[in-house]
Amino acid sequence: MRLPEVFITRMKEQMKSSGITEDGFFESFDTDGLKGIRINRKKSAIDEYDKILSALGEKTKKVDWCDSGFYVGEDVSGNSPYYHGGVFYPQEPSAMLPAQVLSAKPGDIVMDLCAAPGGKSCRIAEDLKGEGILIANEISENRSKALLRNIERMGLSNVVILNEDPINMRKVLPLCADKIIVDAPCSGEGMFRRDPGAVKSWVKYGPTTCSEIQASILESADMMLKPGGDLVYSTCTFCELEDEEQIADFLSKHPNYTIVAHPEIKGVTHAGSNSKAPGSMRIWPHLSEGDGHFCVHLHKSEDESFVSELEIYPRLDKKTSSRNLKEKDSVFEFMSDILRKEALDDLKKNVLPYLMVNGSHIFIPAMDVRALRGLKTVKNGLYIGETKVTSKGVILTPSHSLALALDKNNIKEESKIDFSYDDNSVLRYLKGETLTAEPGKKGNVVITVDGYPLGFGKRSADGIIKNLYPKAWRLL
């Protein structure tokens with residue numbers, strides 16, 4: 001690859017001053033980037049990882065800096081049934097580092113301010129384990145649609161997706177987040193070998209344009225992060241102006257932040273005391289198995305007088321109309337076909353009371369809608385589906401996202417049509433074709449691959465399965 005001379009000269013000086021060998025660095029741009037997947041821990045236990053990789057035709061080769069990340073070959077693609085079932089997320093290995101460093105915990109309120117296409121957001125939502133809220137923001141409307149699809153495919157329900165400028169967000173959601181991740185827009189030097197177009201963009205715009213945007217996003221992050229909270233900043237560039245110098249400048253303006261060092265992460269180069277940002281981290285493509293990446297973990301000091309005034313968790317609506325009661329009954333009736341008794345009891349006690357109705361649409365909010373006023377909201381929690389009034393009463397047409405959010409262990413055996421990974425019926429389902437199965441209970445069923453939900457179907461008495469896989473998601 002022909003690299004810009006300005007870039008070559010700068011990198012030689014940068015590596016020399018930081019004690020990084022340049023042997024193999026420039027040659028790495030002529031090699032193929034490594035491919036990785038991150039297994040969805042919401043759907044799979046650790047003891048299932050080997051089985052999943054084996055079905056994909058892959059050996060177990062872990063990514064050192066991600067406890068659910070693995071290297072894979074070119075044959076693993078978006079046509080895989082496991083991809084459609086949200087069993088794994090394709091992600092460049094180095095990009096797995098920031099969310100691992102953030103280490104979200106159940107109950108945290110977390111923000112991802114530059115979220116699309118969703119790799120980091122999905123990992124964070126998995127870490128929350130259904131407790132807490134992830135607010136995933138993407139300023140680009142088109143990219144927010146890709147974020148929505150990935151969040152839904154991975155079966156994640158406690159997520160709010162916004163399509164906003166962080167400057168607007170900070171006015172509505174001040175000091176509300178326990179943790180924030182900023183995977184900032186950057187000059188993309190670490191992606192040169194994957195995308196030759198990135199070189200042209202770098203020549204045209206350069207790092208300076210991006211550094212101004214990064215600084216603005218960091219200021220917004222500070223205004224939304226609670227005292228005592230954590231902020232992880234990352235880029236896929238080598239440029240110190242966008243990385244170490246950006247952080248040094250932020251720290252000079254915000255002395256209440258300190259860098260948290262992570263020297264224990266294998267495969268990652270950790271900056272020493274001679275760095276402009278001691279304790280920050282880099283992945284070098286000639287020293288590790290991943291593209292170029294920068295990451296730093298910042299901690300905001302405590303403030304004992306701080307008390308959050310925002311009420312962001314959903315509150316019960318005490319005024320439930322008779323119409324809404326029928327809507328909720330339709331959800332319970334549908335789920336009675338699908339769920340085991342214990343899961344159905346939990347749904348009735350802990351979920352249905354928070355169910356919200358907007359016209360004919362039903363959803364379970366992750367966040368109180370009143371706290372989001374003034375913000376462009378793409379998604380708030382789990383969309384259940386749409387209802388319609390028939391001669392038989394109010395009937396629910398379930399959403400595809402509801403199927404993907406189901407816990408495989410909560411589905412009744414008689415309501416599950418399960419196929420093995422290599423069964424041709426799986427591909428037929430993903431193409432929208434009608435299926436046949438053993439005659440069984442008439443009604444709503446879940447189509448699964450090795451137990452993992454793929455979507456809904458409707459079984460007739462003679463075993464014909466009406467395919468309910470959405471047209472927009474189907475394989476061609």
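A definition before the pairs: a salt bridge here is a side-chain nitrogen of Lys or Arg within 4 Å of a carboxyl oxygen of Asp or Glu. Now the ground rules. This is a predicted model, where local features need pLDDT of at least 70 and side-chain atom pairs count only at pLDDT 80 or more, while totals for chains, interfaces and linings use all residues. Residues are numbered from 1 along each chain as its sequence is written, and side-chain values use heavy atoms, with hydrogens and water left out.

Salt bridges, then. The whole structure holds 28 of them.

Take D108 and K179. Their side chains meet in a salt bridge, 3.3 Å from N to O. D108 sits in the loop between α4 (97-102) and β4, and K179 in strand β7, so the pair ties together parts 71 residues apart in sequence. Helices (H or I, at least four residues) and strands (E, at least two) are DSSP runs, numbered from the N terminus. Are D108 and K179 buried or exposed? Both are buried. Buried means under 20% relative accessible area, exposed over 50%, and partly exposed in between, with a 1.4 Å probe and protein chains only.

Next, E240 and K276. Their closest N and O atoms are 3.1 Å apart. E240 is in the loop between β8 and α9, K276 in the loop between β10 (269-270) and β11 (281-283), and 36 residues separate them. E240 is buried, at 17% relative accessible area. K276 is partly exposed, at 45%.

Third, R41 and E126. This salt bridge spans 3.5 Å, N to O. R41 lies in the loop between β1 (35-39) and α2 (49-55), E126 in helix α5 (residues 119-128), 85 residues apart. R41 is partly exposed at 28%, whereas E126 is buried at 5%.

On to the core. A nonpolar core is a set of buried Ala, Val, Leu, Ile, Met, Phe, Trp, Tyr and Cys residues joined through side-chain atoms within 4.5 Å. The largest one has 35 residues. M111, L113, I135, I180, V182, L231 and M367 have the most contacts inside it. Which element gives the largest share of this core? That is α8, with 4 residues.

Now the surface. K388, K392, K442, K458 and K466 gather in a patch of positive charge. Patch residues have over 30% relative accessible area and no salt bridge; like charges are joined within 9 Å, nonpolar side chains (Val, Leu, Ile, Met, Phe, Trp, Tyr) within 5 Å. Areas come from the Shrake-Rupley method with a 1.4 Å probe, and for residues only the protein chains shown count as cover. Lys and Arg count as positive, Asp and Glu as negative; His and the chain ends are not counted. A charge is placed at NZ of Lys, CZ of Arg, CG of Asp or CD of Glu. K388 sits in strand β16 (residues 382-390). K388 is exposed, at 51%.

Last, the backbone. Most residues other than glycine have a negative phi, and most peptide bonds are trans. P117 is in the loop between β4 and α5.
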